[in-house]
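Hi there,

Here is the structure I promised to pass on to you. Have a look at it first, and then read on for what turned up in it.

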Amino acid sequence: MNNRNRGKSPGCSYGNPFHLADSFPKAQNVTWISTNFKTLLKWEPKPTADYTYTVEFSPLGKDRQRNPHCIRTTETMCDLTNSLSDVKATYSADVRSEPPRGVNSDLIEFPYTSSERFCPYKDTDIGKPDFKIEVSKDKRKTTLYVSDPLTALFENGRQLSIRDVFADELQYKVLYWRATSTGKKVHLSKSSEIELTRLDRGESYCFTVQAYIPTRSISKQLGDPSHVKCSQNDNPSIFDKYSVGVIVGGIFLILLFVGGVIAAIVFCCKRKRRDEKTGKEGTPLQSV
């Protein structure tokens with residue numbers, strides 16, 4: 001049996017190292033995919049039956065480590081969420097092309113492709129938050145109660161939110177507009193309880209909210225925007241839309257206008273009667 005056939009037999013060693021290197025194609029498009037600290041390393045292509053992939057990773061300047069679930073695997077994804085324990089460290093990873101399990105090799109160094117550097121704290125994407133809208137009874141204040149998105153991180157058995165991780169660095173950016181208008185305004189808040197007071201009373205407003213971390217690089221400062229939510233329009237009365245002073249002033253102007261019209265009509269009627277009386281007195285008597 002020649003070397004090529006022996007190399008494909010389980011438990012046997014490949015013979016020619018140069019042939020081996022060609023048999024293990026390098027991984028391509030090695031990419032970090034991370035949202036709310038759920039971190040995956042992905043690559044291409046799907047391997048053939050002749051080779052597998054092994055992932056090695058480490059913080060910069062430290063020894064390489066392996067995730068036990070990503071050794072000689074036929075998958076094209078490795079979940080490193082629990083392996084990147086120091087979220088503020090910067091990591092790099094290699095995807096190595098190796099023979100299948102049970103197959104030995106004469107190669108000392110297997111082909112590999114390195115990832116870009118990745119820091120979970122700086123680079124993970126922040127998912128869209130959820131929030132509730134509450135309008136005060138007097139309709140002078142609208143409050144948004146934002147639920148801080150949960151992360152894939154745990155501490156003492158408790159799942160951490162992005163507020164737990166970023167603390168005072170976390171802000172929220174609110175985009176809002178009248179439901180009947182296209183003009184949009186922006187409000188920034190350091191709190192998850194966001195009060196908006198400069199809204200027209202009784203009007204329906206629409207809102208979107210997204211996490212904002214100004215200490216990050218510009219491309220990573222904003223998280224995914226939430227779904228649009230709108231406050232309800234309760235068909236407000238005139239007393240909801242205008243103050244008592246404005247209403248009283250309006251009534252006064254209306255009464256003043258009506259009074260002026262009535263005065264003008266009375267004046268015209270009196271003048272007409274006077275002119276008719278004057279006309280009769282000035283007419284000469286006809287002779288018989």
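To start with something you can look up yourself: does Cys-230 count as buried, partly exposed or exposed? Cys-230 has a relative accessibility of 40%, so it counts as partly exposed; buried is under 20% relative accessible area, exposed is over 50% and partly exposed is in between, with a 1.4 Å probe and protein chains only.

Before the rest, a word on what you are looking at. This is a predicted model, in which local features need pLDDT of at least 70 and side-chain atom pairs count only at pLDDT 80 or more, while totals for chains, interfaces and linings use all residues. Residues are numbered from 1 along each chain as its sequence is written, and side-chain values use heavy atoms, with hydrogens and water left out.

The average pLDDT of the protein chain is 85 (this is the predictor's confidence in each residue, from 0 to 100), and 83% of the residues score at least 70. Residues 1-15 fall below 50, and this stretch has 25 contacts in the model beyond near neighbours in sequence (a contact means heavy atoms within 4.5 Å). Where pLDDT is low, the predicted coordinates should not be read in detail.

Now back to the cysteines. Counting a pair of cysteine sulfur atoms within 2.5 Å as a disulfide, there are two disulfides. One of them links Cys-206 and Cys-230, with the sulfur atoms 2.0 Å apart. The torsion about this S-S bond is about 100°, so the disulfide is right-handed. Cys-206 lies in strand β15 and Cys-230 in strand β16 (residues 229-230), so the pair ties together parts that are 24 residues apart in sequence. Helices (H or I, at least four residues) and strands (E, at least two) are DSSP runs, numbered from the N terminus.

Leu-144, in β9, stands opposite Ile-133. Strands β8 (residues 130-135) and β9 (residues 142-147) run antiparallel and are joined by six bridges; two strands pair if DSSP finds at least two bridges between them. Six residues sit between the strands of this hairpin, and among them Lys-139 takes a positive phi near 60°. Lys-139 is partly exposed, at 21% relative accessibility.

Two more backbone details may interest you. Most residues other than glycine have a negative phi, and most peptide bonds are trans. Asn-29, in strand β1 (residues 28-35), has a positive phi near 50° and is exposed, at 51% relative accessibility. Glu-44 and Pro-45 are joined by a cis peptide bond, with omega about -10°, and Pro-45 lies in the loop between β2 (38-44) and β3 (52-59).

Best wishes
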